[in-house]
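Here is a short briefing to read alongside your viewer. Please keep the model open as you go through the topics below.

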Amino acid sequence: MSSERSVLSLVQIGRSAKKHAPLGMGGSFYGLDHKNREGEADILAAMAAALEQDITHFDTATGYGNGYSERLIGRFMAADPSRRERIFLASKFSSDEVSAQGMMQAIDASRARLQTDMIDLYYIHWPRTGKDLRPWMEALETARQQGKIAAIGVSNFSVAQMEQISQVGRIDAHQLGYSLLWRFDEQDIIPYCIDHDISVVVYSALAHGILAGKYDRQLDFVSDDQRWSILLFRDEVWPHVYEAVEAFKSVAARTQHSLAHLALRWLLHRPGVTSVLVSAKNEKQALANAQVLQIDIADQVLDELTAVSDQVRQHIPDEGNPFGYHP
Ligand SMILES: NC(=O)c1ccc[n+]([C@@H]2O[C@H](COP(=O)([O-])OP(=O)(O)OC[C@H]3O[C@@H](n4cnc5c(N)ncnc54)[C@H](OP(=O)(O)O)[C@@H]3O)[C@@H](O)[C@H]2O)c1
């Protein structure tokens with residue numbers, strides 16, 4: 001048996017006929033100035049570069065910039081109709097009110113913003129604690145029968161929440177946070193997905209840029225920077241995370257891979273993982289990320305990364321998600 005992991009197969013989510021590379025293009029476009037559209041040309045170039053590299057899974061959500069991300073991707077696809085045919089398009093919705101009518105309206109609004117009749121994968125973006133979530137699933141199944149969506153996803157759900165909505169429909173994918181620095185869903189959620197043939201789609205694969213190696217030991221965010229709400233940057237957690245990143249960096253230097261490539265590739269080989277999303281704010285980042293599908297990484301290197309990750313996870317509290325968001 002080879003000790004190198006090089007070949008990555010195309011993946012399929014739900015019954016969609018569209019097979020795609022296991023790396024996807026994130027659409028949250030953090031940092032983009034929505035009002036002034038500064039950076040928009042760079043994002044459009046990133047999307048074009050990703051597609052050129054056969055990265056055809058595009059992920060967005062109603063909530064990203066209050067519809068802005070969907071509209072931008074809609075414009076990107078409308079500029080060249082062959083793009084829509086190739087793209088495996090995913091979007092999401094959730095709100096404080098759980099109703100079938102609200103979900104159906106949201107799907108129609110997403111289709112309008114994305115300028116498409118059919119969305120390949122539509123997720124419930126966040127569950128609502130303690131609520132009956134089945135009306136959302138009933139609406140998603142109706143939309144599937146009507147051909148408005150092809151596959152159904154959930155995101156940030158517990159096992160109990162997945163079991164509840166599975167009473168009235170079929171979950172095809174679960175989108176969850178996962179990285180060398182955040183592995184809590186390995187305990188029960190990923191095993192449940194494997195057992196129930198649910199594709200796992202990963203977000204925050206680079207842990208908010210930490211696994212791109214862009215932060216110093218001393219964090220210098222301004223006091224109202226949103227990143228302070230992320231658990232990994234907390235005073236009592238960050239020194240441990242920083243030490244782990246230094247250890248990951250030395251593996252990267254020795255093996256002549258970038259840290260981001262190691263982090264993405266490690267995820268692409270984890271049990272149950274179907275697809276890994278990563279954001280890119282410009283063409284350069286999109287091209288760098290796409291290269292991860294081409295490199296060879298020895299099993300032993302992946303094991304070394306796991307060993308460092310095993311150490312640091314003892315210092316990271318499990319609070320359900322890294323955002324401290326529990327709607
Ligand atoms: N379902 C959910 O609740 C949920 C939550 C979060 C995200 N998501 C989805 O997952 C996607 C990805 O997640 P994410 O944006 O949170 O996190 P991420 O992919 O872990 O981090 C992305 C950040 O890493 C940096 N980066 C990316 N490629 C790079 C490269 N080649 N070199 C250096 N830096 C690089 C960029 O930072 P800079 O901008 O600073 O350069 C980018 O903003 C989102 O766009 C969204 O579609 C879903």
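In this briefing Ala, Val, Leu, Ile, Met, Phe, Trp, Tyr, Cys and Pro count as nonpolar, Asp, Glu, Lys and Arg as charged, and the others, Gly among them, as polar. With those classes, the shell around the ligand divides into 11 nonpolar, 14 polar and 2 charged residues. The model is predicted, so local features need pLDDT of at least 70 and side-chain atom pairs count only at pLDDT 80 or more, while totals for chains, interfaces and linings use all residues. Residue numbers start from 1 along each chain as its sequence is written.

**Around the ligand**

- The shell holds 27 residues, and G26, S28, Y203, L206 and A212 come nearest to the ligand; a residue is near a molecule or strand if its C-beta atom, placed from the backbone, lies within 6 Å of it.
- The elements that give two or more residues to this shell are β9 (273–278) and α10 (283–290). Helices (H or I, at least four residues) and strands (E, at least two) are DSSP runs numbered from the N terminus.
- Helix α10 provides the largest share of the shell, 3 residues.

**The barrel**

- Eight strands form a closed barrel with parallel pairing, in the order β2-β3-β4-β5-β6-β7-β8-β9; two strands pair if DSSP finds at least two bridges between them.
- On average, neighbouring strands of this sheet are turned by 30 degrees against each other, direction ignored. Axes are lines fitted to C-alpha atoms, for helices over the stretch in contact, and angles run from 0 to 180 degrees between N-to-C directions.
- Strand β3 (residues 57–59) runs parallel to strand β4 (residues 88–93), and 3 bridges join them.
- H57 has F88 in β4 as its bridge partner.

**Helix α1 with α10**

- The axes of helix α1 (residues 40–52) and α10 come within 7 Å and cross at roughly 25 degrees.
- That angle makes α1 roughly parallel to α10; angles under 35 degrees count as roughly parallel, over 145 as roughly antiparallel, 65 to 115 as roughly perpendicular and the rest as oblique.
- The crossing of α1 and α10 is right-handed. A crossing is left-handed if the near helix is turned anticlockwise from the far one by less than a right angle, and right-handed if clockwise.
- A45, A46, A49 and A50 of α1 meet E283, Q285, A286, L287 and A290 of α10, where contact requires C-beta atoms, placed from the backbone, within 7 Å.
- This contact of α1 with α10 has 7 nonpolar, 1 polar and 1 charged residues.

**Helix α4 with α5**

- Helix α4 (residues 100–114) and helix α5 (residues 134–145) have axes that come within 7 Å and cross at roughly 45 degrees, so the two are oblique to each other.
- The α4 and α5 crossing is right-handed.
- On the α4 side the contact uses A100, M103, M104 and I107, and on the α5 side P135, W136, E138, A139, L140, T142 and A143.
- By class, these are 9 nonpolar, 1 polar and 1 charged residues.

**Helix α8 with α11**

- The axes of helix α8 (residues 238–255) and helix α11 (residues 299–312) come within 9 Å and cross at roughly 170 degrees, so the pair is roughly antiparallel.
- H240, V241, A244, A247, F248, V251 and T255 of α8 make the contact with V301, E304, L305, V308, Q311 and V312 of α11.
- The contact of α8 with α11 counts 9 nonpolar, 3 polar and 1 charged residues.

Key. Two residues are in contact if their C-beta atoms, placed from the backbone, lie within 7 Å.
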